[in-house]
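Hi everyone, thanks for coming.

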Amino acid sequence: MESKPSVSVIIPVYNGEKYLDDSIKSILQQTIQPLEIIVVNDGSTDGTEKIAKKYGDVIRYVYQQNGGVAAARNKGLELVRGEYIAFIDADDIWVENKLELQLELFRKNPDHDMVIGLLKRIPFSKTSKIIHEESKNGEYVLQFGCAILKKKIFDKVGIFDESMFIGEDVDLFLRILEAGIKVWSHPDVVQYYRRHDQNITLDERRKNFYLLKAYKKSLDRRRKSGNRKVEDLPKLGNIEEIISYWKSQ
């Protein structure tokens with residue numbers, strides 16, 4: 001009998017006591033269970049530890065001093081045992097067949113090293129029953145909660161840049177594209193992004209600064225390798241426009 005691929009799930013969390021329980025439940029309710037769930041407490045000062053530890057041995061729990069989401073994800077990467085890696089932020093929720101759907105896409109596309117689906121934005125107040133009725137009209141967003149990656153990707157492109165306090169997903173995704181790694185995109189909603197007053201992306205100026213920084217880092221790498229002309233910079237719009245331009249070069 002063919003064995004199922006092993007998936008390690010990493011949850012970075014900072015002061016997420018209001019959200020973490022729902023996120024963990026959405027993993028435990030998956031139609032295919034992961035090998036492990038790693039919760040990295042990034043210096044929380046609330047009841048995050050209590051929420052994580054109530055699951056006992058189901059969760060691999062680790063605490064570190066606050067260093068940001070990239071640092072927390074990197075700590076999780078130090079601990080993983082799975083062949084595949086999946087990330088979910090503590091305030092987000094997966095659809096119940098997320099792992100099964102994306103692992104099947106890997107089976108059908110074995111030459112690809114990453115699979116990414118769509119994200120759906122919802123108010124935090126939505127209940128799970130309402131959520132599952134709203135699984136249409138997702139967005140293509142470069143967020144790794146929508147993806148599963150083969151572990152070997154990180155050996156090739158490196159880990160998350162801990163100087164990126166926002167946009168670390170985009171930064172890593174650009175490195176993946178630059179490395180020629182095959183990414184399979186599919187049109188299914190796999191993650192719900194819950195909007196609330198503590199979302200770190202609410203600060204538009206700060207968010208745009210780090211997204212531009214990610215793009216500038218990519219541009220500098222390409223210029224160094226002789227693949228980019230400075231005068232051809234696109235007009236800055238949303239990040240989807242920038243990535244679309246970058247991919248066309």
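Let's start with α8, whose buried residues are Lys207, Tyr210, Leu211, Ala214, Tyr215, Ser218, Leu219 and Arg222; buried means under 20% relative accessible area, exposed over 50%, and partly exposed in between, with a 1.4 Å probe and protein chains only. An α-helix has 3.6 residues a turn, so residues three or four places apart point the same way.

A word on the source: this is a predicted model, where local features need pLDDT of at least 70, side-chain atom pairs count only at pLDDT 80 or more, and totals for chains, interfaces and linings use all residues. Residues are numbered from 1 along each chain as its sequence is written, and side-chain values use heavy atoms, leaving out hydrogens and water.

Helices here are DSSP runs of H or I with at least four residues, strands are E runs of at least two, and both are numbered from the N terminus. Just after α8, glycine 226 has a positive phi of about 85 degrees.

Now, where is valine 9 found? Valine 9 belongs to strand β1, residues 7-13, and counts as buried because its relative accessibility is 0%.
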